[in-house]
Structure formats: structure tokens, C-alpha cells
Amino acid sequence: MFKKIMKGGHRKPSKSEANEPSSYGIGPPARSGPGSNVVVSHASRGALVPATVTATPPPPPIGSVEPLPLFRDVPVAERQTLFLRKLQNCCFQFDFVDTIKNAREKEIKRQTLLELVDFIQSGASKISESCQEEMINMVSVNIFRCLPPQSHENTGQEPADPEEEEPYLEPSWPHLQLVYELLLRYVVSTDTDTKVAKRYIDHSFVLKLLDLFDSEDPREREYLKTILHRIYGKFMVHRPFIRKAINNIFYRFVYETERHSGIGELLEILGSIINGFALPMKEEHKLFLIRVLIPLHKPKPIAIYHQQLSYCIVQFVEKDYKLADTVIRGLLKYWPVTNCTKENLFLGELEEVLEATQPVEFQRCMVPLFQQIGRCLNSSHFQVAERALFLWNNEHIVGLIAQNRSVILPIIYPTLETNIQSHWNQAVHGLTANIKKMFMEMDPELFEECQRQYQEKQVKSKEVEEQRQYTWKRLAQAAAERDGRGGREEEDHMITS
């Protein structure tokens with residue numbers, strides 16, 4: 001208890017602080033609206049720090065939220081004023097835990113939000129700057145909030161497997177969804193002038209938007225992914241800042257927490273960004289690959305986001321084949337030792353990378369690569385051994401192996417023989433035999449030479465083992481004789497005394 005009290009005096013750095021541009025990485029777009037509320041987040045989540053400090057509007061008293069006229073029922077000249085009044089109505093927030101409380105007001109707000117979305121989407125009239133400012137303010141009031149603590153944070157227990165946990169669904173989603181939809185329609189609208197909009201969708205807004213990617217609700221993360229991607233595409237001036245802010249989230253995830261709900265969605269955005277990188281690739285993008293993407297193979301929950309990560313990695317290799325050696329050596333650096341599920345993921349990704357690898361780059365890393373593949377072939381977990389053997393089903397990989405068989409076969413041959421002689425799984429036996437046959441047909445002379453060398457090594461190792469056993473036997477005999485002589489001398493001494 002004393003420790004908890006002591007810890008209470010120290011605030012963890014907020015996500016906004018953690019996402020400050022680092023000396024590495026790339027950058028992001030910005031967006032933030034005035035009138036954002038100050039929120040104190042849970043300790044494990046960064047605090048959402050707004051640009052402007054205002055109090056969150058309290059729940060309105062019963063009857064204070066009244067329905068307003070429809071846009072089509074008022075003259076065009078009055079629609080901007082009506083738009084502002086509807087935005088003010090939507091700034092009120094309600095308790096969604098109690099479904100009965102303020103039911104009428106909740107429905108009025110929902111209908112108002114629907115009208116606002118339709119109004120923006122229709123493009124019936126261009127909204128003024130003051131209306132844009134108030135709209136971003138309303139969006140900020142609704143979406144920037146304290147995210148609830150995750151289940152393990154309440155109990156103090158070790159975090160469970162995220163794949164097995166039930167996701168938390170935001171109770172206020174009926175309103176939140178419409179607010180996100182309104183923001184999305186505003187961003188993608190052809191009537192939205194980026195020169196004006198960037199005053200409200202600024203760096204602070206973007207950082208707080210990125211903080212929300214840690215939401216456990218997958219519906220919210222899907223909207224956030226789409227909106228951030230659209231912001232990145234529309235606000236070109238903010239692109240470096242967005243990339244850098246995302247990098248900082250990854251740094252914190254890899255080196256500090258290993259807990260974040262939105263890594264997969266952020267990687268999806270980056271996959272699209274990487275696809276648009278111009279050639280020749282900038283040095284900062286290569287550093288992003290080395291310092292951010294490759295270390296993302298380290299955390300335990302990689303299975304949750306591996307598909308998106310693998311896509312990003314392969315995109316880099318397809319854009320610049322010279323990066324294949326860097327990527328493969330990075331995979332080998334973080335190759336799992338005892339996690340078989342993770343090892344299967346690595347083998348799948350390795351196959352995709354090798355498909356995009358050119359012969360020159362392959363030759364640079366083939367020795368350590370096939371030493372690791374050899375260890376996988378001998379894995380006692382049959383799925384790992386089987387997945388490694390399936391690499392020979394890929395024609396491009398077989399072609400690379402065939403070109404460099406004089407180096408690869410001597411590395412692989414002992415592991416193939418070990419599988420044939422001692423692996424417990426019959427499917428692994430059959431696949432191993434097929435690969436041996438493939439090598440034999442590929443280069444009979446080289447195969448026979450490897451077979452001869454293997455047999456010689458086996459004979460030598462057997463001789464060494466026999467010599468070791470003989471040496472131990474002699475030592476045991478010498479020790480026994482010494483003990484026998486020592487016992488007789490002690491007996492004689494006792495008799496004489």
C-alpha cells in the first residue's frame with residue numbers, strides 16, 4: 001500500500017509527450033481543434049493533452065436539449081446559424097452505462113448528428129470558417145476522452161493473451177460512430193480547404209487522434225485508421241510529423257510496454273504509405289525499416305499484427321531489392337528460440353521476402369540463413385519442421401538454392417540425414433526424403449561428396465566418442481585401484497597401532 005501511495009505522486013508521461021518527434025523516424029500530419037477538454041488518462045495510457053483548455057460540458061438537465069428544425073426547413077441564409085446551434089447541442093455528453101437515463105435527449109443528439117453528417121456529405125452549402133472551428137471543437141469534446149483501463153490493469157494480474165481477451169465495446173458508440181463519420185466526411189469533402197482546415201486539424205489534434213488507437217473497441221480503431229489515412233493523404237504538409245508520431249508509438253510499444261491495441265491498424269496505414277514511397281528511397285525511410293519495422297518482430301504479441309507487419313516489410317524489399325539482405329539478417333536477429341507459433345510466422349514471412357530477393361542479395365546472407373533453416377528442419381515441433389520444408393515448394397526459392405547449391409547443400413545435408421534417421425513425425429520424414437531426392441537429381445556428384453563427408457564425420461565422431469568412453473573407463477579403474485590401495489594401507493596402520 002505504501003508503494004502505491006508513493007507511486008501516486010509521479011505521473012507517467014502522457015502519450016502526447018511520448019509521441020514528441022524523436023531524432024529518428026519520419027513525421028505526421030496535424031489536427032487539433034480548440035475547445036478540447038483536459039482528460040486524465042489511466043496510468044498505463046498516455047494522457048490526452050489538448051491545445052486549448054476548456055471544461056467538458058456536463059450532462060444537460062432534462063428538457064434542455066430540444067430538437068431543432070431540419071436544414072431543408074429553413075432559408076439558405078440561416079443554415080450556418082442552425083449548423084452552429086446543432087453543433088452546440090451535440091457538445092452535451094450522456095451516461096450510456098444507464099440506458100434509460102436521458103433516453104429522449106440521447107435520441108435527439110443522435111438524430112442531430114445524422115443531420116450534420118448528411119449536411120456535410122451533401123455539400124449543399126459551403127460551411128464558414130467559424131462553423132469549421134466549432135465542428136472540430138464538437139468532435140474533440142466527444143471523441144477525446146479517458147480510455148478505460150484494460151482488464152489486467154484493474155486486477156493487477158499478468159496480461160492475458162490479447163487474442164483470447166474479449167474486446168471492450170464503447171457504450172457510447174451510437175453517438176461516437178456518427179461523430180467519427182462527420183469528421184471523415186469533413187476530411188474527404190472536396191469543399192474542405194486544407195489551408196483553412198489545417199488550423200484546426202493541427203499537430204495536437206493528430207497526436208490525440210493517435211492516442212485513441214489504443215482503444216479496445218475494434219469499430220473505433222477502424223474509423224480512426226480510415227480518418228488518419230485520409231488526413232495523411234490530404235494534408236501533405238503534416239506527413240512527416242504523422243510518420244514520426246507513429247514511429248514514437250512503435251518505439252514505446254517495442255521497448256517499454258508491449259501493450260497496444262492499435263498496432264495492426266497503424267501498420268495498415270503505413271503499408272499504404274510505403275507503397276507510395278518514391279524511388280530512389282530516402283535514407284529516412286530505410287532508417288524507419290531498420291529502427292522501427294524490424295524491431296517490431298521482438299514483442300510477444302506479434303501474432304496480432306504480423307500480417308500487416310509482413311506486408312510492410314515485403315513492400316520495402318519489392319521497392320528496393322537491395323534491402324533484402326538487411327531484412328533477412330534482421331529476421332535472423334529476432335528469430336524466436338522457444339516460441340513455435342512465432343517461428344512459423346517468421347518462416348512464412350521469410351518465404352515472402354525470399355520471393356522478392358535477387359540472387360546477388362541472396363548470396364550475401366545465404367550462409368546464416370540456411371544455418372537457421374537447418375535448425376528449423378530439425379525442430380522437434382513438427383509444424384516448424386514441416387513449414388521449413390515447404391520452402392522447397394517455392395520455385396523462386398528452389399532456383400536460388402540451385403544456383404548456390406555448392407554452399408547450401410553442405411550446410412543442409414546433415415540436418416536432412418538427422419531427420420531421416422531420428423525425427424518422430426512421418427510427414428517430416430516424407431518431405432525430407434523428397435528434398436534429398438531433389439538435391440540428388442540437381443547435382444549427383446555434389447550430393448555424393450556431401451554424403452561421403454557426412455559419413456566420414458560420423459565415423460570420426462564415433463571414434464571420438466569411443467575414445468572418450470575408453471578414457472573415462474581408465475579413469476574409473478585408476479580411481480578404484482587407488483581407493484583399494486588406500487583402504488589396505490589404512491587397515492595395516494590400524495593393526496600396527
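Leaving aside neighbours within four places in sequence, which residues is Gln315 in contact with? They are Gly271, Ile274 and Asn275, where contact means heavy atoms within 4.5 Å. This is a predicted model: local features need pLDDT of at least 70, side-chain atom pairs count only at pLDDT 80 or more, and totals for chains, interfaces and linings use all residues. Residues are numbered from 1 along each chain as its sequence is written, and side-chain values use heavy atoms, with hydrogens and water left out.

**Gln315**
- Gln315 sits in helix 14 (residues 302–319); helices are DSSP runs of H or I, at least four residues, numbered from the N terminus.
- Gln315 counts as buried because its relative accessibility is 9%; buried means under 20% relative accessible area (1.4 Å probe, protein chains only).

**Nonpolar core**
- The largest nonpolar core has 126 residues. Such a core is a set of buried Ala, Val, Leu, Ile, Met, Phe, Trp, Tyr and Cys residues joined through side-chain atoms within 4.5 Å.
- Phe83, Leu228, Leu267, Leu293, Phe370 and Trp392 touch the most other members.
- Helix 7 (residues 173–188) gives the largest share of this core, 10 residues.
- Beyond four places in sequence, the contacts of Trp392 include Phe370, Ile373, Val398 and Phe439.

**Helix 11**
- Helix 11 (residues 239–257) has 19 residues and reaches 26 Å from its first C-alpha to its last.
- That is close to the 27 Å expected, taken as 1.5 Å times one less than the number of residues.

Conventions. Helices (H or I, at least four residues) and strands (E, at least two) are DSSP runs, numbered from the N terminus. Buried means under 20% relative accessible area, exposed over 50%, partly exposed in between (1.4 Å probe, protein chains only).
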